[in-house]
Amino acid sequence: MTVEEARGLVAGGDTNDVRRIDGEFALVGQQGKSVSLARTIGRLMRYFIAKWHDGPILIVADRIDAIRNQLAALGLGGQFHPSYTRMIPAHHVVRIELVGCPDPNPTYTRFFAPTRNSLPADVAMIGEQYIGAAYHEISRWLDRVGPREPIGVCFSGGVDSGAVFLLTYHALLSRGESPGRLKAFTLAVGGDGPDLEQAREFLRRLGLELFLEPIPVARDAVRIEDAVRVIEDYKPLDVQSAAMAVALCRGIRTRYPDWKYLLDGDGGDENLKDYPIEENPELTIRSVLNNLMLYQEGWGVQAIKHSLTYSGGQSRGYARTYAPVAVNGFIGLSPFVCPGVIAVAEGIPFIELTAWDHERLYGLKGQVVAAGVKAVTGLDMPIFPKRRFQHGAASQADGLFPSGPDEYRRIFQRAYEAAPAVSG
């Protein structure tokens with residue numbers, strides 16, 4: 001459908017109609033004083049209601065600093081505070097009535113509700129459907145990329161980035177297009193790091209090592225202050241990941257000033273619930289396996305811990321990928337955050353497959369993805385132990401990041417006491 005048709009469906013507010021919008025989007029629709037907004041995880045969207053001389057005005061943007069700059073341009077900068085901005089939670093239609101003094105709270109209606117536990121407890125079948133859905137998203141994305149445009153994959157040799165690289169490689173071959181325009185970009189802080197060694201070994205086992213392109217950067221290129229300002233957030237793990245993403249994107253941009261297209265594997269951990277539950281005192285394996293899209297959405301828009309300013313889960317945290325890519329002028333795709341892929345993941349019968357066992361849960365992602373890659377591409381994908389981006393991109397991560405969460409908040413506060421918009 002056209003963008004205008006999609007906006008019309010959002011404006012109507014019927015969640016069944018909005019669910020028909022295929023792919024990723026962030027859309028605003030209006031009917032008189034009623035404004036409806038909806039997004040998927042892969043597109044950020046925030047808003048701010050300001051007081052104008054003849055009533056309220058609504059400002060919508062993907063970034064807080066864009067809202068701030070627009071308020072300043074209208075002479076309303078004194079109304080701004082970052083905590084007054086609101087993030088649209090993914091997978092909901094948010095309806096705002098601009099009636100003024102006071103404006104009522106928005107309403108939230110879910111438009112994306114995949115059926116849980118709908119697949120049989122068959123790892124091979126699950127893998128084929130899950131990776132098949134990701135392959136579909138990559139193929140559709142390639143339809144919008146020129147046949148000669150170079151394509152990069154942010155690549156660590158881990159399960160998710162490895163799958164994205166192999167699916168993209170296979171898609172290019174299947175389309176009769178040259179895979180020579182594909183590169184696997186691996187960040188190496190200080191010129192080395194576990195990820196570079198892993199990435200090289202991953203590709204070597206498949207005879208594809210020629211696609212590897214290390215992006216070495218100095219340690220002082222990883223700057224927490226820059227990451228906080230780029231993602232406009234202060235959650236430590238997201239900031240750390242974003243600091244590496246910013247360094248990688250800047251390194252690619254410096255080497256290739258005209259490069260446009262990047263893919264990555266963000267979202268795979270959320271889909272297959274591959275986070276160490278023991279590290280989060282708020283979670284148990286029962287809460288993780290019993291709640292719809294817990295890692296993608298947090299506790300949900302009706303929960304007391306839901307943040308109006310930031311939403312929850314990956315709906316909030318995806319800024320760690322979206323913002324570094326966007327501010328450095330790239331067009332990106334994370335196929336694992338697309339609704340069609342998440343829907344397959346939510347259909348996995350995790351309880352039946354793991355019997356509430358942590359280790360079986362942590363081992364499941366590698367089994368599912370490897371089986372799916374084999375079914376879709378015929379390739380035997382190497383599987384390595386899980387490692388976070390911020391831990392693998394540098395040979396020695398000590399001293400790169402503040403030790404406590406309070407320091408991240410202080411950096412965030414300083415960012416909004418000082419300069420305006422961030423750039424790549």
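**Exercise 1. State the order of the strands in the open sheet, and say which strands stand at its edges.**

Step 1. In this predicted model, 4 strands make up an open sheet. Their order is β1-β2-β6-β7, and the pairing is antiparallel.

Step 2. Look for strands with a single partner. These are β1 (26-31) and β7 (107-110), so they stand at the edges, and one side of each has no neighbour in the sheet.

Step 3. From one strand to the next, it averages 20 degrees.

**Exercise 2. Find how many bridges join β6 to β7, and name the partner of Arg-95.**

Step 1. Strand β6 covers residues 92-97. It runs antiparallel to β7, and 4 bridges join the two.

Step 2. Take Arg-95. Its bridge partner in β7 is Thr-107.

Step 3. Now turn to the helix on the sheet. Helix α1 (residues 3-12) packs there and touches β1, β2 (34-39) and β6. The direction of α1 makes about 60 degrees with that of β1.

**Exercise 3. Decide how α4 is oriented relative to α14, and list the residues in their contact.**

Step 1. Helix α4 spans residues 123-143, and helix α14 spans residues 339-346. Their axes come within 8 Å and cross at roughly 175 degrees.

Step 2. Apply the cut-off: angles over 145 degrees count as roughly antiparallel. Therefore α4 is roughly antiparallel to α14.

Step 3. List the contact. From α4 come Gln-129, Tyr-130, Ala-133, Ala-134 and Glu-137. From α14 come Gly-340, Val-341, Val-344 and Ala-345.

Step 4. Sort by class. The contact of α4 with α14 holds 6 nonpolar, 2 polar and 1 charged residues.

Key. Residues numbered from 1 in each chain as written. Predicted model: local features only at pLDDT ≥ 70, side-chain atom pairs only at ≥ 80, totals over all residues. Heavy atoms only, no water. Pairing = 2+ DSSP bridges. Axes fitted to C-alpha atoms, helices over the stretch in contact; angles between N-to-C directions. Contact = heavy atoms within 4.5 Å. Parallel < 35°, antiparallel > 145°, perpendicular 65-115°, else oblique. Nonpolar A, V, L, I, M, F, W, Y, C, P; charged D, E, K, R; others polar.
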